[in-house]
Amino acid sequence: MIGQSTVLAAAFPPSVEDFYLPSILPWGEHDNYWFTKVTLLIWVAVAAIIIFFLVSYRKPKLVPTKKQWLAESAYGFVRNNIAVDMIGPAGVRFAPYLTTLFLFILVNNFFGIVPLIQMSPMSHIAFPAVLAVISYVMFIYVGMRHHGPIKYFKHALIPPAPWFILPLLIPIEFFSNFLVRPFSLAVRLFANMFAGHMLLLVFTLGGFAMINANVLLAPISVLSWLLTIALTMLEFLVICLQAYVFTVLTASYVQGALADEH
């Protein structure tokens, strides 16, 4: 019991350094700090998505197989229910990017509830931030290409309002359209996945901590683990919802960039 208490005292409370994951390579730990569990999961997600679609469409058939049906359903869902619904008929040309974005986020989020992995790369701000920057650059580029640079920024920054209130509205429009959008995209995804990861971790480790602290707390530890299972079910819904919300917001920003009216 004394040895266990010493280990717990050394491990808790966690420090800021615990957010920087160690290298998972067995050699050159200090030189390979970039190759962490999160990096590996990202590569696994990318490989899984690419291999799945290559295998599904290796020999496409008029009557689709189960894999082909699943691939077509995933693409059709994003194309019809997000791209076309949000952007209109022009949204079809954005469907490949939006489908890739949706599946990439979904698969990486799903790692958060997989046993022995139980960690989503999206719970680290770097990856949601990169995805937000890509979407940010895309909708600005699309707007500039559609309207022309001058007309696009005039359209994005100058709302239809009396001239005397424009000095107040233009900074607000700039802040909202060009600063808040990428920030909110990244933080919304990161915060939800990080919070879910921490909740599952707290209830899982809480059960072990109560057993190690006192045998009388064993029934409460079982309750803690039951709550972990319930939270895992809830986390599955959050996983799907966050992938959907990120993709829908990206499509809405593209629609706003292509719109002829403010």
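The protein chain is built from eight helices and zero strands, where helices (H or I, at least four residues) and strands (E, at least two) are DSSP runs numbered from the N terminus. Read along the sequence, the pattern is simply α-α-α-α-α-α-α-α. The model is a predicted one, with pLDDT of at least 70 needed for local features and 80 or more for side-chain atom pairs, while totals for chains, interfaces and linings use all residues. Residues are numbered from 1 along each chain as its sequence is written, and side-chain values use heavy atoms, with hydrogens and water left out.

Of the 262 residues in the chain, 34% are buried, meaning under 20% relative accessible area with a 1.4 Å probe, protein chains only. The accessible surface (Shrake-Rupley method, 1.4 Å probe) comes to about 16100 Å², and carbon and sulfur atoms hold 75% of that. Among contacts (heavy atoms within 4.5 Å) with a separation of 6 or more, 65% link residues 24 or more positions apart.

Leaving aside neighbours within four places in sequence, T247 is in contact with I82, L98, L101 and F102.

Helix α4 also turns up at a pocket. The second largest pocket has a volume of about 210 Å³. Of its 13 lining residues, I49, T99, T100, L101 and F104 are the closest to its centre. Two or more lining residues come from each of α2, α4 and α5, with α4 giving the largest share, seven residues. By class, the lining has 11 nonpolar, two polar and no charged residues. Here a pocket is an open set of points on a 1 Å grid, where a 1.4 Å probe fits, with protein on both sides within 12 Å along at least five of seven lines, and lining residues have an atom within 4 Å of a point.

Key
Buried means under 20% relative accessible area, exposed over 50%, partly exposed in between (1.4 Å probe, protein chains only). Grid points are joined across faces, edges and corners, and a volume is the space filled by probe spheres set on the points. Ala, Val, Leu, Ile, Met, Phe, Trp, Tyr, Cys and Pro count as nonpolar, Asp, Glu, Lys and Arg as charged, and the others, Gly among them, as polar.
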